[in-house]
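Hello,

Here is the structure I promised to send over. Please open it alongside this note. My findings follow below.

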Amino acid sequence: QFDVIRHEYEDIIVTLHLFHAYVPDELLSLIHQPWSWFSRDQLADLNFPKANSTIIERLIWSHLIKISDQVDELPKTNSQMYLRIESKDIEKLQQQLIKLSEQQLLKLIVNVDVWQQLNTVLQEKIKTVHLKQSQLMQLKKGDLVVAKRYIAACHDAVSVQHAHQIGCDAIFLSPVNPTATHPNSKVLGWDGFAALAQKSDIPVFALGGVAPADLKQAQKCNAYGLAGIRQFSSI
């Protein structure tokens with residue numbers, strides 16, 4: 001199960017039940033004609049019923065994701081932001097988050113262990129949850145909360161496959177290049193990244209020693225976008 005959406009038109013209320021599905025190539029000819037494939041970016045320009053707007057919002061990601069431990073940076077950024085914070089003071093964090101608008105909170109990505117400690121109002125308003133690889137590997141199909149987007153940290157083929165199996169929406173794949181914070185980590189390199197990203201049916205973000213200027217290079221290697229800390233300070 002992917003999502004459940006309730007939408008009120010002037011004369012009717014509709015409830016849409018959405019599911020992840022796989023359609024074998026040999027069955028594509030049985031789909032009602034005409035039909036076409038579109039990229040996620042192109043969906044925003046197509047004419048859908050109003051009830052579908054929530055679906056489109058969930059499918060489309062920013063191509064650049066800023067990683068920060070500072071809540072006050074969110075209103076200043078034009079991209080999505082992963083708030084990487086191990087907060088022991090949840091009350092203080094909630095006071096900071098409650099001051100943000102709903103549109104700002106929609107851009108926010110919070111780690112699952114922090115998200116689970118927030119009050120129910122903030123849990124509802126924050127739509128995207130992050131899973132560390134260790135957290136990802138502990139989950140099974142059916143464990144994810146319906147109607148939330150999940151982006152998982154992955155470092156190898158096994159974790160990428162597991163992210164698909166349990167229904168994650170996107171992946172942070174790292175490290176692509178050496179970083180100052182993890183100088184001794186084994187890096188994928190662009191070739192290694194491309195080989196893993198090619199196997200993914202969900203958006204893959206390159207992370208680790210990358211800058212916004214690397215976006216075209218990353219997309220040639222099957223990435224949807226990039227994520228970073230220091231070199232993303234100006235986005």
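In which loop does P34 lie? P34 sits in the loop between β2 (13-18) and α1 (40-43). Please keep in mind that this is a predicted model.

**Cis peptide bonds**

Start with that loop. The peptide bond from Q33 to P34 is cis, and its omega is near -5°. A second case is the bond from S174 to P175, which is cis with omega near -10°. P175 is also a loop residue, located between β8 (170-173) and α9 (189-197).

**Positive phi**

For background, most residues other than glycine have a negative phi, and most peptide bonds are trans. A147 has a positive phi, near 85°, and is not a glycine. Look for A147 in the loop between α7 (133-137) and β7 (149-154). With a relative accessibility of 31%, A147 counts as partly exposed.

N222 is not a glycine either, and its phi is positive at about 75°. N222 belongs to the loop that links α10 (215-220) and β10 (225-228).

**Helix α3**

Which residues of helix α3 are buried? In this helix (residues 90-97) they are I90, L93, Q94 and L97. Seen down the axis of α3, these buried residues fall within an arc of 100°, so they line one face of the helix.

Strand β9 (residues 204-207) is covered on both faces. V204 and A206 are buried on one side, F205 and L207 on the other.

β9 pairs with β8 in the parallel sense, over 3 bridges. I171 stands opposite V204 of β9. Between these strands the chain passes through α9, and this β-α-β crossover is right-handed.

β9 is also joined to β10 by 3 bridges, and these two strands run parallel. Here F205 has G225 in β10 as its bridge partner. Together, β9, α10 and β10 form a right-handed β-α-β unit.

Best wishes

Methods
Residues are numbered from 1 along each chain as its sequence is written. This is a predicted model: local features need pLDDT of at least 70, side-chain atom pairs count only at pLDDT 80 or more; totals for chains, interfaces and linings use all residues. Side-chain values use heavy atoms; hydrogens and water are left out. Buried means under 20% relative accessible area, exposed over 50%, partly exposed in between (1.4 Å probe, protein chains only). Helices (H or I, at least four residues) and strands (E, at least two) are DSSP runs, numbered from the N terminus. The arc is that of the directions from the helix axis to the C-beta atoms. Two strands pair if DSSP finds at least two bridges between them. A crossover is right-handed if, with the strands pointing away from the viewer, the path from the first strand over the helix to the second runs clockwise.
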